[in-house]
Amino acid sequence: KRLVLLSPFLSLEEMATALFPVVRPVLKRVPFMLRDKFDNRAKAPSICAPTLVIHGTRDEIVPFGQGSALAKEIPGAQFRSYDMGHNDVFMNPHGRAVIG
């Protein structure tokens, strides 16, 4: 079994604060606003499958740094970046070659 992550984020909180910095102080005071944490960073060290993380350098939704940071948290993960956005992985020849 293998795992491929396409443009992953660290956690819902980190995504929210990256996109909307004004949210950070609000979440510190009322953390229950985010019922689901989707904390990929916390789960990453327990991943045992060979993992490939792919992230586009022009990703307009998930900050590029979150994908590379998550790859560093996964034991033995490979990280590949390509000149592509968030939703064009399958249109990019590199993305198709890696996934296909």
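Predicted model: local features only at pLDDT ≥ 70, side-chain atom pairs only at ≥ 80, totals over all residues.
**Exercise 1. Locate Gly-56 and state which residues it touches.**

Solution. Gly-56 belongs to strand S2, residues 51–56. Its relative accessibility is 0%, so Gly-56 counts as buried. Apart from residues up to four places away in sequence, Gly-56 touches Ser-7, Phe-64, Tyr-82, Met-84 and Gly-85. A further pair concerns Leu-6: Gly-56 and Leu-6 are separated by 50 residues in sequence, while their C-alpha atoms are 8.7 Å apart in space.

**Exercise 2. Describe the backbone angle phi, the location and the accessibility of Ser-7 and of Phe-38.**

Solution. Consider Ser-7 to begin with. Although Ser-7 is not a glycine, its phi is positive, at about 50°. Ser-7 lies in the loop between strand S1 (3–6) and helix H1 (12–19), and with a relative accessible area of 6% Ser-7 is buried.

Now consider Phe-38. Its phi is positive at about 45°, and Phe-38 is not a glycine either. The loop between helix H2 (23–29) and helix H3 (40–43) contains Phe-38. At a relative accessible area of 49%, Phe-38 is partly exposed.

**Exercise 3. State how many salt bridges the whole structure contains, and examine those of Arg-58 with Asp-83 and Asp-88.**

Solution. A search of the whole structure finds five salt bridges. In the pair of Asp-83 and Arg-58, the closest N and O atoms are 2.7 Å apart. Asp-83 lies in the loop between strand S3 (78–82) and helix H5 (93–99), and Arg-58 in the loop between S2 and H4, so this pair ties together parts that are 25 residues apart in sequence. Asp-83 is exposed, at 53% relative accessible area, whereas Arg-58 is partly exposed, at 47%.

The side chains of Asp-88 and Arg-58 also meet in a salt bridge, at 4.0 Å from N to O. Asp-88 lies in the loop between S3 and H5 and Arg-58 in the loop between S2 and H4, so the parts tied together are 30 residues apart in sequence.

Notes: Residues numbered from 1 in each chain as written. Heavy atoms only, no water. Helix = DSSP H or I, 4+ residues; strand = E, 2+ residues; numbered from the N terminus. Buried < 20%, exposed > 50% of the residue type's maximum accessible area, 1.4 Å probe, protein only. Contact = heavy atoms within 4.5 Å.
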